[in-house]
Structures are given as structure tokens and as C-alpha cells.
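Subject: Structure handover

Hello,

Here is the structure for your records.

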Amino acid sequence: FLALKIGKVNWQSKLNKAAHHTSDYSSTEVILRRGQPFNISLNLKTTVQSWDNFTFIASTGPSPSQQTKAIFTLSEEGASGWSATQEPDEPRCLNFTILSPADAVIGRYKLKLQVLAGNKVSSKVLGQFVLLFNPWCPDDDVYMADEKERQEYVLNDSGIIFQGLEKDIQQEAWNYGQFEEDILDISLAILDRSLNHREDPAVDVSNRNSPVYVSRVISAMVNSNDEKGVVEGKWSGKYRSGTNPLRWSGSVTILRKWYRARYRPVRYGQCWVFAGVTCTVLRCLGIPTRVITNFNSAHDKNLNLSVDKYIDMSGNTLHLSEDSVWNFHVWNESWFVRRDLGSFYDGWQVLDATPQEKSKGIYQCGPASTRAIKEGDVNLDYDSPFVFAAVNADCVTWIRYSKKRKERIYSNTRKIGKFISTKAVGTNSRVDVTANYKYPEGSLKERQVYKKALKLLGVRRPGKRTKIPRPRRGFSRAQPAQTPSISGKLLLDASPVIGQDILLTLTLRNLISDFQTIKVKLKASAILYTRKPKAEILQLHRSIKLGSEEVKEISFKILYSQYKNSLMDDRKILVTAVCQIKQGASLLVEKDIVLQDPFLTIKVLGPAVVHRPVNVEVTFTNPLSDVVTDCVLRAEGSGLLKEQLRIHVERMAPMETSTVQFEIFPNRRGTRQLQVDLVCTHFSDIKGFVMLDVAPA
């Protein structure tokens, strides 16, 4: 290296990380954000005569091209938009400020310096750095103006994913852990494992300046369906050859498992797992992202905006249609501008990594603009018809008496897409974002949007979208060919807890003055959150006589002994009652039940301070009247524990309360989430979490 002998290259790591909001990454690498200057100092062994002959080269990807290789000098900005300026020097030390453009390709870069001395060119690699999207930079497509939102959607490494039922919404804690060791490397490896990258690495890397492109690739790579992606989905049978999706508490364990097993898909995930992992990877790369839960979510396979469900006379679901309505479905939203669609569609974009339908030949979904969905613009990229149907489809239930005879017993335009939820900025409370997806149910604007979507999808409907008489609150009113002469509802007598019997009452009301005999077929099944039945628990047949406008109550019990073997890995039950009248329409009454968690309490015994151990005490109760053996208490939390902690709980007597203590060692300040999970083969997991404020040392 003739003209210039460089001793040490100082990447000003602390200074740059603070300025670029990357101090939280557990990595020794230089991590920077695009569109923002960074500083670098070179310690020299010789003095320098002239600056005119300095050329910088920043390159990324396997075969750097025009888009992925930037050549720039101190005097002029390169064609690529990169530039360098020299700062005041100290003796034998050169200080430079380098600026990347706000639309630079993201990824791992190599920085080289070339010096021309006479007719000899000598070059030196100054080192490597990682360049990320920059929500703090107004010229970046992912720019987010509000600092509190940036703290939440980019820098918060824990969160809440809402689950349960529309009438019983529950909070589940999730450890995103985007700053934990290896997670940035893994996120970049995910991009390099994609089909696009394998087909044409140069084109793939040059497209990585676009959040539309990067987020779509991640939505395909988080599921394992096409390219040995991160998580393998499973919605039926047992999970013996992997982990029950309900057991995961965060993304870090999953991502590390995939990486350490040389990219073998991790078994198993369901929708919230795909969404949790997607959120981790996108926040890690610098794209503002949140997790969304849609209650009563339609999976409309044929995209005719109608979800048809068929049952037989006993209330058994018949698999005559591939459509379904899930109790909830979880996806993501990321924040960026849509240069491909126009500025009206900027803002939150839906991404769904759960493998449900193919898009352009592979299992991926999004980004679909929430504005496009609200306006019914289902012709716009990407996959907006699928998301529109998930929040807007009509719901129709049929009873099938024979191959030739079926009866429409229920039709509802208001059931789908309820309480669309996400975690609030700065707190764990729930924010309802339904209004971002659709106009108020039943409003003129909502009808117009629905008709526009039908037209764009080329769906012909007999008649208008059915208006439904509003039923009396809580009573199930069918909308068949003829109005039914009875109404009914199923009610729980008490909040059901695992290990105890479940008490229910079916109330039937005669709506006419004639005497009627009703045949009631009651059925209870263990179900997945997709409402897919896993096992039958109970069947009852009753005949009820109702006098003129009479109301009768039928009480019944689901015994713990009847459901215990069906609810070892979950706690959801669907009860259906098919009520048949000799002359006239049948009535279907349904009730979803989620058994309550037995209590688990977490106490932090003392102040939490960075780099000082603190004890945590967890108390939990065996909810069963049986002895329980071989339980494991698991704990995890970003910034609190390096790896997941496991403690064996040998034996618990019936209804016994146990206490376990363990130590955590906080390594990052601020608000942290500690999650605890009691895993046992006798009942589904008991989970809890606590938020703690870690003070600086």
C-alpha cells in the first residue's frame, strides 16, 4: 500500500450506533441506517500529500452491479447517490463522513478505499457494515414521523398478540427479540435463502432497496411451503414430531433453531407464530411493523365473498366447501409508501406469512394497502382480494338433508371482520383498527364498497346482499327461506376453568301462539382456533314441547372426565344445537367456549438494574384433582435472559400450589417483558407475563 499506510480503522461504533438508533443490537458489527451520515477515522503511519486521488467503493451482494456497488470520491457524489466529505484532521488521522442515499439497497456492505499515486492504484478494505431501512429519515420509503410510533414499531422488542373470541379477547405476550444475538444475521440469511435469490442473486439484491419487495419476500420465507422457509405450519393431528404451536412464547428460539439446524423448517406454527416471526424480522431490518388480529376471519378459497358452511341434521360439519371462518386470524402490517400504486395507498400495508393460498405460484401474501381494502380496490397489488374477503365476506350456513335437499338456515353480512386489534403505542392495551379496513357495517358506503369489490372480482350474485332483521340481543335468529318460529341461545352458567365441569343452559322461545314440538340435537367438540373439529366430546338428543309463546330452559353439563383427553394441548370447545320443528325452518344455535387459565403469579423480588442479578418468584396451582408429574417451567425475555430458562417441576398433588424461584440478569435498560410458561402433558400451557422497568447501572 504505497501512498498510504493505514494503521487502524476506527468505525466510531458508539457514536454511529447512537446516531443511527442501532445501539440495542447485540452485535459487534457496525450497524447503520440508510440516508443518514456516519463517521469513520483512519489512523495513518505516513502523511498524505493530496486528497484528490481518494476513491471509496461500497458494495453488497455476491456480484456487485450498478445498484449494489457505489463508487464515490471526496470531490463528487457518485452516480449511485453515495458521497463522502472530509472532516478536520488531527495529525496522522483522517476523519470522513460518508452518506448513503435514502433508497440504498439494504444488507451487508464492504467498504474499500482506493488511492492513486502516480500511475499506481492501491486499495484497502476498510471493513464491513450492515445497512438497514431508516424510519427516522424523511426521504426513506419507510419514514415514520412520530417518535413514539418509531419506538413501538421499530425498537420495541416485546409485544402483545390478541387471541381468543370476539366476546372474550385475550392477551398473549410475545418476545420479538429483534436485537438479540444472531437475529440480524438470521434476518439477512432469510433474504439470501429466498427463491428469488437462488434464481438470480444480482437482481434480487438490487431490489432490496424497496420495502415492498423485501416485505413480500419475508412473507414467503417465514413459512416453509416453498423454499425451506423458517416455520412449518400444522393445523391437524398431533404435534409429536415438533412443538405444539401454543407452546412458543417468542421468535428468538424459533429463528435460532432454524439457523442452527442449517435452515431446516421449525415444526410447528399457526397464524400468530408466523406473524410474530415476521414482525421480528421486519423490525430487525428497520421496517416499522405491528401484529394485527382479525376476529371471525374468513378464509374465502374461491374469492366469491361468501363463506358457505354445511352441517347435517345432527350438527356435524360437512366438508363440502373449502371456505372457513376462523375465530381469529393474525397477520402483520408494515408502514411504507407505495410508489407502485400512488400516494393515496401509502401507510399501513397488510402482510400475511401464514400459508393459506398461493400468490404468483408461491405461498406469500401482501403487501396489500389497507386503504385499498377499505375502498374495495381489490384489483391492486398484492393479494388485496384475499385480505378484503377476510374482513368482509358474507357468512351463510346450510343444513343438508340429502344430496338433493338443503336449506339455508343462516345468513349474516355483519359477522366477519370484527374487533380488528393491535397493541397500543407505549402500553399493552388493545387498539381497535377496524375502521382502517372498512366503513361502518350496514352504512351506505360499506355497501357501495362491497358491490365495487364484487364487480372487480367478476362475481355475480343472485339478488342484492341480504339485509338481516336485527335479532334480539344474544338470540340466534336464522335467515332461511322462511322465518323460523323459534329463537334460542346457549349460555354458560359460570366462567369455565380447566379441570372443572362446564355448565350450560339452552334457552328456547316459541315465537308463535301454536303449540310446537322441537327435536334438539346437541353436540360439543374440541376445536382448533380455525373452528376445525378435533374430537367429539358429547352428544345429546332431547324432545321439547313448547306452548304458546313459551320459554323453556334445558340445562346440561360437560364433565371434566368427558373433555380431559381432548383438551390436553388446547382449551377450545364448540357447542352446537340443531333445533328441528316438524313444520317449518330449523334453527342452529352455536357457542364457542375457551376454558380459563388457572392463575399464575410472577413477582420480581427487588429492583431490576442492568448487569445485576435479581430473583423472580413464580407461583402456580395444579388445576386438576389428579397428581401431575414432569412439568417444566420456562422463562424468557429479551434483555433479561440470554437463552430460554427451563426448570423441572417433578410432582404436584391435586390442587396443590407450588412456588419456584430463579435469577434473571438484565443486560438492557428500559421496559422489559418477562414471560413464564408452565408446560405439562396433562393440560395445555399456563402462561403469564410481567413488565419490569430496568434501571441503568
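Predicted model: local features only at pLDDT ≥ 70, side-chain atom pairs only at ≥ 80, totals over all residues.

Residues are numbered from 1 along each chain as its sequence is written, and side-chain values use heavy atoms, with hydrogens and water left out.

Domains. The protein is divided into domain 1 (6–132), domain 2 (153–457), domain 3 (486–594) and domain 4 (600–694); these bounds come from an automatic or database domain assignment. The centres of domain 2 and domain 3, taken over C-alpha atoms, are 32 Å apart. Between these two, 28 residues of domain 2 are in contact (heavy atoms within 4.5 Å) with 22 residues of domain 3. About 2200 Å² is buried between domain 2 and domain 3, and 53% of it is on carbon and sulfur atoms. Buried area here is the accessible area (1.4 Å probe) that two parts lose on being put together, summed over both. On the domain 2 side, Met313, Ser314 and Asn327 lose the most area to domain 3, together 20% of what that side buries.

Sheet. Strands (E, at least two residues) and helices (H or I, at least four) are DSSP runs, numbered from the N terminus. Five strands form an open sheet of mixed pairing, ordered E2-E9-E8-E4-E5; two strands pair if DSSP finds at least two bridges between them. Strand E2 (31–33) and strand E5 (69–73) are the edges, each pairing on one side only. Inside the sheet, E4 (residues 54–60) and E8 (residues 107–117) are antiparallel, with seven bridges. Phenylalanine 54 is opposite valine 115 in E8.

Annotated site. In an unreviewed UniProt entry, the "binding site" annotation covers Asn392, Asp394, Glu441 and Glu446. They span 55 residues in sequence, yet no two of their C-alpha atoms are more than 12.9 Å apart, so they gather at one spot. UniProt positions are in the numbering used here, feature names are shortened, and annotations may be inferred rather than shown by experiment.

Glutamate 441 is in the loop between helix H11 (434–437) and helix H12 (444–457). Leaving out residues up to four places away in sequence, glutamate 441 touches Thr413, Arg414, Ile416 and Glu446.

Regards
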